[in-house]
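Thanks for coming, everyone. Please bring up the model on your screens. I will walk you through it.

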Amino acid sequence: MTTEQKYLSSANYLLERIVTSTSPFHTVLTAGEDLDAAGFVSLDFNRDWELEYGGKYYVTVYDSTLIAFTVGDSMADEGNLRLAMAHTDFPCFKLKPSPEMKQNGYGRLNVEAYGGMLNYSWLDRPLSIAGKVALKGEDAFHPEVRFVDFARPVATIPSLAIHMNREANKGVEFNLQKDMLPIVDILEESLGDEAFFCAALAEECGADPEEILDFELYLYQCEKGEIIGLNETMISSPRLDNITSVTACIKGLIQAQRGTGINMAVLFDHEEVGSRSKQGAAGSALPYVIERIYLALGLTRDRYLKDITDGFALSVDVAHAMHTNSPEKNDPTHPVKMNGGVAIKIAARQSYVYSCESVAAVQALCAMADVPCQKFVNRSDMPGGGTLGSIAASYLPMQMQDVGVAMLAMHSARELMGVKDQYYLEQLVMCLFGFK
Ligand SMILES: [Zn+2]
């Protein structure tokens with residue numbers, strides 16, 4: 001395969017994963033399918049584990065977080081733990097429990113914002129709905145759960161015509177309760193059916209409407225991503241943040257081996273809303289799982305605590321490339337470029353987790369993997385965003401570094417990145433998990 005073919009192969013593989021990663025649950029299902037195909041054994045979060053050296057396993061945490069790991073043939077004296085972490089969620093709109101709104105002959109859905117998206121980018125697009133539904137089950141604490149993905153355009157949020165707002169091109173403020181509700185149907189007046197959505201949902205998940213107790217359903221943009229540009233140098237797609245990282249972490253874990261120690265790919269939910277949940281990066285799921293791995297392998301808690309301190313983790317999320325039309329928004333001496341290699345994210349206030357040693361380690365890994373890297377820093381008068389690395393580092397005191405692909409239009413319904421950067425990111429994660 002030529003180098004150009006490798007770039008395109010990674011980009012197309014990513015676009016395939018994005019098609020089925022339509023909610024945090026479906027991101028986990030997609031990753032689980034890849035791990036199943038690679039021979040990983042699925043473990044239950046709340047059951048006993050029998051682990052073996054040389055084995056490969058994964059555990060899902062409340063359906064929207066996934067922790068996968070491989071155990072080497074033995075443990076080394078040091079440097080046993082290597083982690084690559086990403087997030088399964090993305091900014092979007094989430095359905096409220098009683099979402100139906102019938103007004104002026106239209107069937108609309110009542111939704112609330114999940115995370116910080118660019119509102120206008122969600123207008124006039126074909127949207128679909130995915131998530132999970134809880135049905136009446138055997139007992140109160142165990143409802144029957146079904147995952148659902150309409151997988152076709154069923155909704156859209158129409159913008160207001162310019163004739164009705166001549167000021168539209170001077171900037172529009174969108175009220176989340178008034179302006180961002182999707183339409184899903186034009187209803188016949190005679191029908192009088194107030195539960196038009198729940199009836200469709202019940203049909204979609206093969207249940208009776210009265211069986212549905214609750215759901216966690218998200219709108220998603222269902223136009224497919226594409227490789228674009230005169231010379232196919234860019235990827236335009238929904239959910240690049242953060243399926244780029246999810247894909248690199250899972251692919252790296254499946255393909256790389258290093259003989260000793262434990263490699264872990266950790267995919268957290270709820271990053272876009274602050275990570276504070278039982279399956280978010282601010283929760284205890286990850287340290288619980290690592291400690292249980294050690295105990296199941298017959299290792300001591302003391303060994304677990306020691307290995308935490310000399311482990312290494314990548315927190316993999318996206319970075320801001322130099323903008324085409326607003327270059328002044330980026331830092332003057334750190335002009336990060338698309339197709340310029342892995343962005344190493346650095347922030348004095350630790351909103352990106354870093355130290356000079358962890359930056360140096362990533363530079364060394366990139367050199368070994370023969371891929372370029374570049375340092376990203378925010379403008380001094382712009383705080384920028386944060387991600388899960390700093391949160392995880394607060395309870396996992398190991399060297400940890402924020403990295404990711406450089407992109408434009410972050411948190412738009414459709415984002416833009418360089419076609420080479422997915423390959424570069426995959427090579428870095430592969431090197432982390434394979435370097436002895
Ligand atoms: Zn992200």
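H1 and H9 are roughly perpendicular to each other, a word used for angles of 65 to 115 degrees, with under 35 counted as roughly parallel, over 145 as roughly antiparallel and the rest as oblique. Before going on, the ground rules. This is a predicted model, where local features need pLDDT of at least 70, side-chain atom pairs count only at pLDDT 80 or more, and totals for chains, interfaces and linings use all residues. Residues are numbered from 1 along each chain as its sequence is written. Helices (H or I, at least four residues) and strands (E, at least two) are DSSP runs, numbered from the N terminus.

Back to H1 and H9. Their axes come within 7 Å and cross at roughly 90 degrees. Axes are lines fitted to C-alpha atoms, for helices over the stretch in contact, and angles run from 0 to 180 degrees between N-to-C directions. Which residues of H1 make the contact? Lys 6, Tyr 7, Ser 10, Ala 11 and Leu 14 do, against Gln 422, Tyr 423 and Glu 426 of H9. Contact here is C-beta atoms, placed from the backbone, within 7 Å. By class, the residues of this H1 and H9 contact split into 4 nonpolar, 2 polar and 2 charged. Ala, Val, Leu, Ile, Met, Phe, Trp, Tyr, Cys and Pro count as nonpolar, Asp, Glu, Lys and Arg as charged, and the others, Gly among them, as polar.

H1 (residues 3-20) also meets H4 (residues 240-255), with axes that come within 10 Å and cross at roughly 115 degrees. That makes H1 roughly perpendicular to H4. On the H1 side we have Tyr 13, Leu 14, Arg 17 and Ile 18; on the H4 side, Ile 243, Thr 244 and Thr 247. That contact of H1 with H4 has 4 nonpolar, 2 polar and 1 charged residues.

**The sheet**

Now the strands. How many strands form the open sheet? There are 9, in the order S1-S2-S3-S13-S4-S14-S18-S16-S17, with mixed pairing. Strands pair if DSSP finds at least two bridges between them. S1 (41-43) and S17 (373-376) stand at the edges with a single partner strand each, so one side of each has no neighbour in the sheet. From one strand to the next, the twist averages 25 degrees.

Look at S13. Is it mostly covered or mostly open? Covered: 7 of its 7 residues are buried. Buried takes 20 or more other C-beta atoms within 10 Å of a residue's own, exposed 12 or fewer, and partly exposed is in between, with C-beta atoms placed from the backbone. In a regular strand the side chains alternate between the two faces of the sheet. Ile 262, Met 264, Val 266 and Phe 268 point one way from S13, and Asn 263, Ala 265 and Leu 267 the other.

S13 has two partners to see. S3 joins S13 through 6 bridges, running antiparallel, and Phe 69 has Met 264 as its bridge partner. S4 joins S13 through 7 bridges, running parallel, and Met 85 faces Val 266. S4 (residues 81-87) also pairs with S14 (residues 312-316), parallel, over 4 bridges. There, Ala 84 stands opposite Leu 314.

H9 returns here. Helix H9 (residues 421-434) packs on the sheet, touching S4, S13, S14, S16 (342-345) and S18 (399-404). Its direction makes about 150 degrees with that of S4.

Conventions
Contact = placed C-beta atoms within 7 Å.
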